[in-house]
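Good morning. I have one structure to go through today, so please look at it while I talk.

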Amino acid sequence: AGLPGADAGGPPGDERCGRIAGFMCQDRDNYCDQPEGQCQVADGMGMCRAVPEACDDQWLPVCGCDGATYGNDCERLRARAQLDHLGACEDDPPEGACGGFAGRPCPGENDFCEHPQGTCQMADGLGQCVQVPRQCGREFEPVCGCDGETYSNDCRRLQAGVQLDYQGECAEPPPGACQSNEQCGPRDFCAKAPGACDAAGACQARPEACVGVVQPVCGCDGRTYSNGCVAHSQGVSIRHEEACRE
């Protein structure tokens with residue numbers, strides 16, 4: 001049987017991964033999925049699973065180890081998040097959490113809301129507050145940011161306030177990437193990573209409902225919105241947290 005809510009990406013195989021040695025999946029596009037409820041077990045054994053290309057809208061919520069609720073387990077796998085438990089997450093997010101539908105900010109002035117690697121188009125996902133380094137070394141260990149730019153190392157990326165797409169230098173934009181809403185469907189918008197207003201994005205459905213929490217964000221159109229979800233419902237990506245500066 002396939003995953004609940006899955007349109008693509010077949011059942012998991014029997015290839016093991018993880019543990020203390022950090023065994024990688026032979027297919028780098030696969031995901032090392034740990035057993036349910038082992039969020040704090042860094043060296044546990046997992047199973048390599050194919051990341052689904054698409055999921056349906058079946059509502060069978062699960063809670064990820066990132067503190068975010070996913071509509072079904074297929075959506076969790078697409079986000080490459082470990083499974084905490086079945087059912088929606090509790091209202092209280094984990095300590096240091098940021099982002100989410102409410103656009104929860106980080107408390108420190110020198111903090112950055114870091115989202116999981118490779119989740120550039122998940123604009124409403126939950127992140128973790130990390131401190132931005134004041135100085136960086138000269139090591140050349142390139143990473144690709146969600147703005148489509150290559151940074152000489154991950155420290156430089158954090159200083160630029162850009163989310164991490166993947167390790168290594170950036171490649172050409174993938175097929176299907178968009179630059180504007182006109183390239184998407186009538187109920188979609190061209191979602192871009194926060195701060196990457198001029199970079200390529202991906203078509204994503206506009207939220208149909210938003211919470212009333214006031215956590216101002218500045219949109220890529222130069223306007224201030226009450227929270228990130230409201231901006232996305234208007235088809236606008238986020239330039240930065242807090243109100244726009246004149």
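pLDDT is the predictor's confidence in each residue, on a scale from 0 to 100. We need that term because this is a predicted model. Over residues 1–13, pLDDT stays under 50, and for that stretch the model has 31 contacts beyond four places in sequence. The chain averages a pLDDT of 81, with 84% of the residues at 70 or above: they score at least 70. Among the strands, strand 11 has the highest confidence, at 94, and strand 7 the lowest, at a mean of 78.

Now the disulfides. How many does the structure hold? There are 13 disulfides. I will take three of them.

Cys25 and Cys48 have their sulfur atoms 2.2 Å apart. Cys25 is buried at 7% relative accessible area, and Cys48 is buried at 3%.

Next, Cys98 and Cys113, with sulfur atoms 2.1 Å apart. This pair links strand 7 to strand 8. Cys98 is buried, at 0% relative accessibility.

Cys144 belongs to strand 10, while Cys170 is in the loop between strand 12 and strand 13.

Strand 10 brings us to a sheet. It is open, has three strands in the order 11-10-12, and pairs antiparallel. Strands 11 and 12 are the edges, each pairing on one side only. Strand 10 and strand 12 pair over three bridges, and Gly145 has Leu164 as its bridge partner.

How values were computed. Residues are numbered from 1 along each chain as its sequence is written. This is a predicted model: local features need pLDDT of at least 70, side-chain atom pairs count only at pLDDT 80 or more; totals for chains, interfaces and linings use all residues. Side-chain values use heavy atoms; hydrogens and water are left out. Two strands pair if DSSP finds at least two bridges between them. Helices (H or I, at least four residues) and strands (E, at least two) are DSSP runs, numbered from the N terminus. Contact means heavy atoms within 4.5 Å. A disulfide is a pair of cysteine sulfur atoms within 2.5 Å. Buried means under 20% relative accessible area, exposed over 50%, partly exposed in between (1.4 Å probe, protein chains only).
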